[in-house]
Amino acid sequence: MSAHTEAEFKTFMSQLSETNATLSYWTDFPKVKTNVASIEIKLNSLNYLLGKEDLRAAVTELWNNDKRVFEVLQILIACRKRDRKKVINADAEFVLLESYLTTLDGVMEFIEGTGLAKIFKDKNVKNLVDYVFGVEVGLDSNARKNRSGDAMEDTVELIIKGSGLKYRKEVYSSEWPAITKALGTDKKRFDFVIEAKEKTYLAEVNFYSGGGSKLNETARSFTELAPKINAVDGFEFLWVTDGKGWENAKNKLQEAYYTIPSVYNLSTLRGFLDGLENA
């Protein structure tokens with residue numbers, strides 16, 4: 001027997017939110033400041049190169065004084081050293097970008113080849129510390145996907161708190177022998193555990209603003225997980241998910257929706273929780 005009807009699924013899809021972003025979603029400024037502060041001394045040393053016509057002479061002087069200052073050159077082209085990016089050199093060989101920074105000639109080739117030489121000479125940048133602050137803000141956009149998940153969890157937590165139900169965050173399945181046995185070799189950390197009078201709900205929370213294979217994998221995984229948990233007396237799997245990204249994985253979500261009794265979005269979760277009695 002299906003857990004939900006086709007009409008219920010259509011309603012669920014019509015309720016999906018465009019975004020769960022708050023103002024804090026866009027940029028993690030404390031992280032940006034920390035990243036800049038960690039290399040600020042080296043950046044200030046590189047400021048010596050700004051406006052120099054004889055750039056090689058200035059680079060040589062810096063190199064002889066402390067070659068380590070050039071370790072931060074990669075961030076000036078919005079590339080972190082830990083990314084270990086490769087490029088094709090003048091000999092048509094694949095080399096690590098950071099390999100240019102191990103010799104004086106390599107540093108010069110890097111500065112000239114990337115276009116930084118003209119930027120330095122023309123003083124298009126007045127201060128490299130301020131410049132890198134801007135670069136870090138741009139690079140931080142890559143972390144927004146993770147912040148979207150955090151924002152969803154924060155929103156769900158507010159709704160749970162409003163219901164007055166007892167709950168805990170980030171709880172491992174190993175806490176309950178019966179659940180451990182039901183999952184077999186699988187080990188699971190649940191985003192929330194909500195304790196109601198009749199059942200304990202083990203909850204997973206996610207938000208997808210865009211499509212991708214991750215959505216199909218999530219739906220498939222929870223379709224398999226829910227029956228195992230629901231077969232244990234006193235427990236039920238709860239999935240809270242939202243986001244327009246599901247429009248690109250509608251079929252897989254529909255399969256999961258027909259299998260999992262407790263699937264809610266931000267529009268319906270509050271009503272469900274308010275209907276539960278406290279433990």
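A salt bridge here is a side-chain nitrogen of Lys or Arg within 4 Å of a carboxyl oxygen of Asp or Glu. With that in hand, select Arg168, Glu175 and Glu195: salt bridges link them in a network. By this rule the count comes to 18 salt bridges.

Before you go on, know that this is a predicted model, where local features need pLDDT of at least 70, side-chain atom pairs count only at pLDDT 80 or more, and totals for chains, interfaces and linings use all residues. Residues are numbered from 1 along each chain as its sequence is written, and side-chain values use heavy atoms, with hydrogens and water left out.

**More pairs**

Next, pick Glu136 and Arg80, a salt bridge whose closest N and O atoms are 2.8 Å apart. Glu136 sits in helix 7 (residues 128–139) and Arg80 in the loop between helix 4 (55–66) and strand 1, so this pair ties together parts that are 56 residues apart in sequence. Helices (H or I, at least four residues) and strands (E, at least two) are DSSP runs, numbered from the N terminus. Are these two buried or exposed? Both Glu136 and Arg80 are buried. Buried means under 20% relative accessible area, exposed over 50%, and partly exposed in between (1.4 Å probe, protein chains only).

Now try Arg68 with Asp66, where the closest N and O atoms of the salt bridge are 3.0 Å apart. Arg68 counts as exposed because its relative accessibility is 51%, while Asp66, at 24%, is partly exposed.

Then jump to Lys244 and Glu247, whose side chains meet in a salt bridge (3.5 Å, N to O). Lys244 is partly exposed at 28% relative accessibility, and Glu247 is partly exposed at 45%.

**Helix 1**

Select residues 6–14, which make up helix 1. Which of its residues are buried? They are Phe9, Phe12 and Met13.

**Strand 4**

Move on to Phe192, in strand 4 (residues 189–195). Phe192 counts as buried because its relative accessibility is 0%. For a distance check, the C-alpha atoms of Phe192 and His4 are separated by 23 Å.

**Last stop**

Finish with Glu93, in the loop between strand 1 (86–88) and strand 2 (94–96). At 43% relative accessibility, Glu93 is partly exposed.
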